[in-house]
Every structure is written in C-alpha cells, then in structure tokens.
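Hi,

Here is the structure I promised to send over. Have a look at it first, and then read my notes below.

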Amino acid sequence: MTSPTDGPGATASLVARGVVKTFAALRAVDGVSLTFNRGEILGLIGPNGSGKTTLINVLTGMLRITAGEVWVNGTDITGWPPHRIARVGLARTFQVVRLFHEFSVLENVEVAALSSGRIPRREATARAWEALERVGIAHLAPWPAAALPQGEERRVEIARALATAPEFLLLDEPGAGLTEPEVETLLATLSTIRRDLGCGILIVDHDMRLIMRLCDRIHVLNYGRTIAEGTPDEVRREPAVIEAYLGASAEAG
Amino acid sequence: MVNDIVQFVVSSLSLGGLYALMALGLVIVYGILRLINFAYGELVMVGGYSLLILGKTVWPWIFVAALSVAMAVLASVLMERVGFRPVRNASPTTMLITSFAISALLQNIALLTVSPRPQAVRLPGFFVQTLTIGGFRVKAVDLISLAVSLILLGVLTVFLRRTIMGMALRASADDFTMARLLGVRANGVIALAFAISGFMAGIVSLFWIGRSSLVEPAVGLQPVLIAFIASVVGGMESLKGAVLGGYLLGFLTVGLQSVLPQSLLDYRQAVTFSIVIVLLLIRPQGLIGGTYAREAR
C-alpha cells in the first residue's frame, strides 16, 4: 500500500503518521503526517501556536502522543519513553536553551555522549571534543555553562545534541536571538553537519530567509494541521500559506 | 582549656559529619524528584533494627554493620519501587503525603513486630572507649564517625564527578527532562538516588544508634528532622549546601551545649531553631542557592 520510500517500514527516515496531541479541548497537533529522510533538511513553519513545538515534543517522547504513529528507521517508536527515543537517534534543541548549568561546556556535551549509548568515558570525551570542534567552540570547553553568552549557549546545545550521535536532529528555533553574523555561522554549521554526518535535520524557525536558504523541503502547519508541503518555491507560492501568515500578522497588528 | 577546645572541635566535626551525611541522603533524592522523603528516618530505623536483630548472632560486629547498611539500601530501593514510583507523576503534595504514609507504616510494623520499647543494640568495645592522643582525651566513636563522614564525602564527590552514573545523576538533578531526552533512564537514575540515600541512612544509623545504643520505632524522627533543617539551611538543591548545613548544625549543637548554662540546656533546641529562623530570614534560599536562585535570574 505504501511505497518503500515514504512508508513507516522505510529505513533511514523519520515518519509521523496522523499524529494528534490534545490538551483538554485543544487539538494542538491535529493529524499531522510527515516524512523526512537522513541527509535531508526539512523546515517546519507556521504562525505562533500552530503546533510546531508540540509536534517536536511528541516526536521526542517529551509529551505523550494522543493518536497516530511515529516510526524511526522502520521501527515503531510510538509511546516510547524519551531515553529510548534518544537511543534510536533522535536529538533535539530547545527554543530557550537548556544547558546543565552546574556543568562545564565539555561536561555538558560529555554527559550527552555517555547517556546516549553505553560507551566508555574516554570514547565519550573524544566524541564530545569532536562535537565541540564541529560547532566551533572547542576553545570554550572548560568554561562553566552558566557563564556563556546566548549565541555560544546555542552552539553548546547543538554540540550536545550531536554528541548523542543522532540520525535525526530536531532544532526548535536555533536562530532565535542570534545576531546576523551568528545566523550565518549557524547556517554554515548546519550545512556541514548534514554533509559530514548525513543526519536528517528538522528545523523550526521564524526567520524565513534562514528557512528558505537552508531547507530542501518545507512543511507548513496552521492550527495543528498541515496546510502545505513542498520545496521552498512551491510553499512560497501556496495561497493557504500566504493567507495564514498575512492573517496572523493582521491579527497581531 | 586547650583540651576543651580540642574536644569541642572533634565532637563538632564528628556530629557535623553525621548531620551532613543525613542531609545528603535527603537532598540527593530531592534534587531529582523534588520530593522531601520524610520516610528517610525510617531507613535509619531499618538500619537500627537490622543492627539489633543481626547483632544477636555470633557474627563479628563489622559484618553485622555492613549487612545493616545493605538492609537500609535495600529498604530504600524497595520504598521507591513500591511506594513512590506509582505516584511519581502525581503532584508534589501527593508524593509528600505518600512519604508520611510510608513513614507511619514502617514505624508501626516495627512497633508491632519487634517492640514499642527501646531495645539495646550490641556495640563493639571501641565505640565506648576514650582515647588519649598527644595528651588530649577524645571519644573513639567521635574520631571514627569523623573519619567515616570525611571518607564518604570524598567518595561521593569522586563518584558524582568521575563516573558515568554520577554524571547522569548530576545532570538529572539539574534538568531531569533534558537528561532523559539525552538518553538517561529515569527509573535507573531514581533507583540510584534512592540507593545512595539508603546507604547514607545505613551509615547514619550505625553512629546515631551508636550514641545511645538504643533502637526504638521512632529512632528515625530526629535524624530526618536534622537532615531536613540542615538541608534547608544549606540550600535544598545543593549537595555542598547539605554538607555545609550539616556541619553548621553540628557546631551549633555542640557549641550551645558547652556555652549555655546548665539551667538553659533544655532549651538548646529552641535556641538552635531560633538561629536557623534568623538565618533563613536573611537567606531564604539557603546558604548555597541552588537551581532556584539561577532560574530566578
């Protein structure tokens, strides 16, 4: 029934089918289906409150799914606890950076490497250094995490996600609060991560230039439902998307 | 005079070390579950009754003591598994009340199956000896408990800093959800925290009961109270705070005992608590502000 590339049985892909998440009477995510493959960068956009973050929370097991299925590399992970989902290769970052403040930068990344797989401490340390170098903050390794400026905090968070050896990286507004040059660095970093590690990257952001430049495909949500899906060019021209964004900005104004 | 000072310092450090271990056992669980486990005192009780019952055998005392500590660890892990895990996702109040229920249950089991009266525990001879070192007379038990608490604090520090499980525990205490998202197993890390808590209670039971040589169903009441006060003073979420609070309370207790006139000795605890209240008025977050202080930033 399903073709091998977009069915849940497909390898090297993250597949959500009819995902629903309700909070009391609110259907925050209302039957969203999406597929993204390793090596692909998928943008997830939509007006505020359209269910983007909730979807990520459900995919990573932070929130219990109400209905629907999630498959990773052909394995049904629906309803799994977060630590098991992490171990099949899903890693995420947060809109508001959440570092372990008691730890140094290196320890933050190390603990991720240690937790995600049963590897010895030395190997974890090596993996942590590699992740720090990849995002260009190896020189900050001994710093206490609590002392970092915001731009660097984000990079530590990405390094920490990388240290779990993810196959799919879910980034919730990685560009928020970054300066123009910092956004440029972020774009370059994400491109190298995709090229070198071959992970799939799902990225939520309000910065449309970042999304349009970086993403292979874009998935648009509004009121918890999918309203468009396709390449940046296709999505840009989609009337439903234009309406959702104009409507949202008109309300806000 | 010098002799008095040496004695004062040794007993303060000894009592403070004991208090610090008590507080650590409470804080290590609180840091992860945000649960003040008031049934912690009953783990001391389990250790005490194990000491009593196993002490009636002909086994060497040190072996009995090790088994008693193991019993406290076992009781702690079981307590989490049977009592707290089913209510883990309930409100903090539910967990708190559960801890009172477990506390009452365990005390009553001891009351019904052993005896409501205090029972004398077999203690080794060195517990009651007084040593003369370099002309200073000190109690052997004070020196031992001082040494044991320092060693345990060292071991715990190394464990938390250097080992995989220790790192996972610290990360979970900082941000449990984030730790789980990185692959830390919630059940595993909580069981570990309770095991450490039980271990502390077991060690505490040896020295706490060693002081009076008596064990009774309510024997854990004072340790849990002291642990609670020490950790509140030190900072509920900080392990350093728990240790600091423990030693502070130790010095305060011993200090008041030697400073207060005989007629006021009965009010020692009242004075101690008044000082604690004043301390908390000045620093409500405790001496070492933990996560709360940072989040308020």
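Leu169(B) touches Ile28(B), Ile32(B), Leu160(B), Val189(B), Leu192(B), Ala193(B) and Ile196(B), leaving aside residues up to four places away in sequence; contact here means heavy atoms within 4.5 Å. Together with Ile203(A), Leu169(B) touches the most other members of the largest nonpolar core, which has 140 residues. By a nonpolar core I mean a set of buried Ala, Val, Leu, Ile, Met, Phe, Trp, Tyr and Cys residues joined through side-chain atoms within 4.5 Å. Buried is under 20% relative accessible area, exposed is over 50% and partly exposed is in between (1.4 Å probe, protein chains only). Another core, of 25 residues, lies apart from it and has Val32(A), Leu34(A), Leu42(A) and Phe168(A) among its members.

Before you go further: this is a predicted model, with local features needing pLDDT of at least 70 and side-chain atom pairs counting only at pLDDT 80 or more, while totals for chains, interfaces and linings use all residues. Residues are numbered from 1 along each chain as its sequence is written, chains are lettered from A and ligands numbered from 1 in the order in which they are written, and side-chain values use heavy atoms, with hydrogens and water left out.

Back to Ile203(A), and to its strand. Helices (H or I, at least four residues) and strands (E, at least two) are DSSP runs, numbered from the N terminus. Five of the five residues of E8 (residues 200-204) of chain A are buried, so the strand is largely enclosed by the rest of the structure. Ile201(A) and Ile203(A) point one way from E8(A), and Gly200(A), Leu202(A) and Val204(A) the other. Which strands pair with E8(A)? E3 (residues 41-45) of chain A does, in the parallel sense over four bridges, with Leu44(A) opposite Val204(A). E7 (residues 168-172) of chain A also runs parallel to E8(A), joined by five bridges, and Phe168(A) has Gly200(A) as its bridge partner. Pairing requires at least two DSSP bridges between two strands.

Chain A also has an open sheet of four strands, antiparallel in its pairing, in the order E2-E1-E4-E5. E2 (26-37) and E5 (75-76) are at the edges with a single partner strand each, so one side of each has no neighbour in the sheet. Inside it, E1 (residues 13-23) and E4 (residues 67-72) share five bridges, and Ala16(A) faces Val70(A) in E4(A). Helix H1 (residues 52-59) of chain A packs on this sheet, touching E1, E2 and E4, and its direction makes about 115° with that of E1(A).

Over in chain B, H1 (residues 2-33) and H9 (residues 221-234) pack at about 80°, with axes 8 Å apart. That makes H1(B) roughly perpendicular to H9(B), a label covering 65 to 115 degrees (under 35 is roughly parallel, over 145 roughly antiparallel, the rest oblique). Axes are lines fitted to C-alpha atoms, for helices over the stretch in contact, and angles run from 0 to 180 degrees between N-to-C directions. The contact includes Tyr19(B) and Leu26(B) from H1(B), and Ile226(B) and Phe228(B) from H9(B).

Glu173(A), not a glycine, has a positive phi of about 50°; Glu173(A) is in the loop between E7 and H6 (180-197) of chain A and counts as buried at 10% relative accessibility. Arg34(B) also has a positive phi, near 55°. Arg34(B) is in the loop between H1 and H2 (40-54) of chain B and, at 31% relative accessibility, counts as partly exposed.

Cheers
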